[in-house]
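Please consult the sequence and the structure shown here while reading.

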Amino acid sequence: MWPLQGAEMTKGKTQWKEFLEAVSVLQWVLSFIFLGKIPPPHFPFLNMEKPVITAASAVYSQHLSDNTAVTVTSGKTIFVRKWRVWKHFRDFFPVKLVKTAELSPNKNYILGCHPHGIFSVGAFTCFSTDSCGFAEVFPGVRPSLAILAGLFRIPFFREYIMSADKVLSPPTFLSKSGKGNAVVIVIGGAAESLEASPGVHTIVVKQRKGFVRVALELGADLVPVYSFGENALFKQVIFSESSLGRKLQDLFKNIMGFAPCLFVGEHFMFLPYRTPVTTVVGSPISVPKCASPTEEEVDHYHKLYMEALSKLFHEHKVSCGLSESHELQIT
């Protein structure tokens, strides 16, 4: 259990401050649900094909040499990152960014963020907004959150996410943007979101090696990241692997690229629980540049990454509100 939850998190806050925080979170959740996941009636074709899910998926590596693939980055229009609303958003939970090692501005990085949770609140707040002070904590390093390709094809929501400095193609972004770039990938994706539940610490990464291959091809260091508290923000109905409910979720995920989670929050169903989210950035794993990495090389650095992620979890779990008995399940 977390040391502070619910009403205790609002102590010392005015009703106006609590209201601003709740509205800031609610607008983001509703924008994500109704703009990001439900296409307009006259654009049904937008999600007919399975979107590219960035380098986080092993399948994604098959698209890296496809010159016809869509490549979108937000450019220099990042004013949305600085909106004051994100400070209220951060304070609602609150969300905190923790640094454990330096990231050199003379290198590029691929940050693997875990767990996905329902909405990846920790990844969004720390890496897509300036509210947690990433620029001050890691001077000279620019973070960009990689997201589903399909979201860039939805009118209005596309402009919204581009203004917050999202990126679709990590390989192109890292290879053409100089040094000091950090692409953040929520490795577990839709499959991991289906495991999100309070008290559960399950991540999906064993069979996902595409991001490691990209790191080797570009010489980008790998950095494990864990958001403690992410899975405690909503309660979710978890279906067993053989149940009809899970089969329908998997079918939907395979077609649309994201999973329909049956979840409920603390208020109005969509408003999450006021639970602290602590996003801990681990130490970088040095990765050499290799134009054509072998399977053995990919497996080697993938193993190093999983070991570093497990170490990060166990070293910080107690200070981030978990008991010593909590274990990380890697699938």
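## Overall organisation

The protein chain contains ten helices and eleven strands, where helices (H or I, at least four residues) and strands (E, at least two) are DSSP runs numbered from the N terminus. This is a predicted model, in which local features need pLDDT of at least 70, side-chain atom pairs count only at pLDDT 80 or more, and totals for chains, interfaces and linings use all residues. Residues are numbered from 1 along each chain as its sequence is written, and side-chain values use heavy atoms, with hydrogens and water left out.

Of the 331 residues in the protein chain, 54% are buried, that is, under 20% relative accessible area with a 1.4 Å probe, protein chains only.

## The largest nonpolar core

A nonpolar core is a set of buried Ala, Val, Leu, Ile, Met, Phe, Trp, Tyr and Cys residues joined through side-chain atoms within 4.5 Å. The largest one has 44 residues, and L111, F119 and F127 have the most contacts inside it. Elements that each supply at least two residues of this core include α1 (15-34), β2 (109-114), α3 (121-127) and β7 (221-228). Apart from this core lies another, of 33 residues, among them V212, L216, I285 and I330.

Contact means heavy atoms within 4.5 Å. Beyond its neighbours within four places in sequence, F127 is in contact with several residues, including L97, L111, V184, V225 and V281.

## Helix α8

Seven of the nine residues of helix α8 (residues 210-218) are buried: G210, F211, V212, R213, V214, A215 and L216. Just after α8, G219 takes a positive phi of about 70 degrees.

Methods: Buried < 20%, exposed > 50% of the residue type's maximum accessible area, 1.4 Å probe, protein only.
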